[in-house]
Each structure stands twice: as C-alpha cells, then as structure tokens.
Amino acid sequence: MGSAGLPLMLLLLLAGALGRIPGSEGGKETPAHFLAQWKTECHFSNGTQRVRHLERQFYDRQEISRFDSDHGKYVAVTPLGQPGVDKWNSDKTYLQYEKASVDRFCRHNYEGLQRNSVVGRRAKPTISISPTKLDPTSPNTILLCIARGFYPVEIEVRWLKNGQPEKEGVAFGEELQNGDWTYQLHVMLETQPQRGDVYTCHVEHASLEAPITVQWEPRSSNSARSKLWTGIVAAVIGVIFFAMGLSLHLKSKKAIPIQPPAALMN
C-alpha cells in the first residue's frame, strides 16, 4: 500500500469545501482550533494488476467522506461529509480527474518506487527467545519470541508446545519500526513449563523459503540442582564409608589367631 499527504493549503481548502464546520450551526461560534486532513492511499494487488485509489477526508480524526476508485465516486462516511460529497460528485470534470488518479498517481509512483528497489524489497527476520519470571514465587514463566529486522511488515508468529499450537496465554505486540525500513515484533507466551516440555517459536514471512523455528526447553531450577548435587554427594560419601567399614571388618577377621582343638593339645 502506498500513501501520500497533501500540503497544508489543501487541508485548509478542504475545511471550506465541506460547507460547514461543527459548532457553526444555529449561531454557535466556530471552534478556535480544529483539524482537517486529506489522505491519499494506493492499494496494490499482484503488482499493478489491480490498483485501488482512496482519497479520504477527516475532521478531528474522524473520517467523514472518501473517493473510492472501485466505486468511481465520492461517498459520505458521516452526515458531516455529505455536503462535500454532493458537490464533488456533481462536478463531472473533477470526478473524471479523480478516476484518472489510479494511473496518474498510483501506478506512476509504484513504478518509481520499483526502480528505487523499494517495491519487492525483502529482509529476513532473526528470531530469538527470551525467558523471564515476573514473580519469583509464581510457577509461571514468560517466554518472549522476538522477530527482528524483517520487511515487509506482514509476518506470522506462532507458539507451539510439544508440537501443538498454544493459544492460551499468548499476547501479540505491535509491529515496531526500526527506522531502516525494517520492523520488529514481540510475541509473549505465559506458561508453566515442566521438565521435558519443548516450546517452539514458529515464524513465517515473505522473505523466507521455509518457516524459521526456534526452540526452548525448561532447565532445572537452582534449588532443584542443589538438591540433586546434595543427593549425589551424600550417596558418594555413603559408598566411601561403607567401603572403609567393610575393609576394616575383613582386616579384623584376619588378625584373630586360630586355636587348635583341646583334644589335640593333650
């Protein structure tokens, strides 16, 4: 999708073209401050095989009317936009000019962006998993799958547990711009990992020939590892003392003299 804004002068002209401003009816004073916007968008499907041109008018962040090339005319989104829509649709010359924007504005700019290697650009994401605990006393662990440096913005990230999709406890962040035509996305999973579980972050993107998967497995906690080593050391010490005791017992048996029978002594 492409978009372009118009200069401030056209935005001010839009306010006049709307025919009325909220607060001006019935002798009410016009607000001292208001915001009028005019946004132009180009939507492309399969290159330039199908192009849709939108020209959208906003007043105080609310869309009030638009021109849609798929319909070939202006449409009122709210009653406030109806006077301007009626005026523009009645001007056949102006309406024809807007219809020509599909080629004059959208396709023309697409070709220029394509020559500058913007259209069709691909950047592969790098994937990492970061585990953390928000509450040390809680059995829950937060697993954060981070996809960095990808373009275009469309990306699919899924969490799997032991090969099965996880839906509970999953939260998606917004795609963040890195400032270099690439994006990053954070997808969180809150879970209670058990020993032997395998968690997988599964990522699909237009830049990839095959999905990327990164795995994470829970490790024993420090207390569990401490108990394990304590048990091992105790077992080793027990074996050593048993061996020492057995050795002393055998030596003591060898040191006892053998007495001949009393009949032989006589």
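Q: Which handedness does the link of C145 and C201 have, and what is the angle about its S-S bond?
A: The general idea first: a disulfide is a covalent bond between the sulfur atoms of two cysteines. In practice, a disulfide is counted when a pair of cysteine sulfur atoms lies within 2.5 Å. In this predicted model, the link of C145 and C201 is left-handed, with -75° about the S-S bond. C145 sits in strand β7 (residues 141-150) and C201 in strand β13 (residues 199-205), so this pair ties together parts that are 56 residues apart in sequence. Helices (H or I, at least four residues) and strands (E, at least two) are DSSP runs, numbered from the N terminus.

Q: How far apart are the sulfur atoms of C145 and C201, and are C145 and C201 buried or exposed?
A: Their sulfur atoms are 1.8 Å apart. Both C145 and C201 are buried; buried means under 20% relative accessible area, exposed over 50% and partly exposed in between (1.4 Å probe, protein chains only).

Q: How should I read the numbering and the values?
A: Residues are numbered from 1 along each chain as its sequence is written. As this is a predicted model, local features need pLDDT of at least 70 and side-chain atom pairs count only at pLDDT 80 or more, while totals for chains, interfaces and linings use all residues; side-chain values use heavy atoms, with hydrogens and water left out.

Q: How many disulfides does the count come to?
A: The count is 2 disulfides. One of them joins C42 to C106, S to S 2.1 Å. C42 belongs to strand β2 (residues 36-45) and C106 to helix α4 (residues 101-115), so the pair ties together parts that are 64 residues apart in sequence. The link of C42 and C106 is left-handed, with -80° about the S-S bond. C42 and C106 are buried.

Q: How do I read an aromatic pair, and what is the case for W38 and W88?
A: A pair of aromatic rings is described by the distance of the centres and the angle of the planes. Rings of Phe, Tyr and Trp (its six-membered ring) pair if their centres lie within 6.5 Å; planes under 30 degrees apart count as stacked, over 60 as edge-to-face and the rest as tilted. The whole structure has 8 aromatic pairs. Among them, W38 and W88 form a tilted pair, 5.8 Å centre to centre with 45° between the planes. W38 and W88 are both buried.
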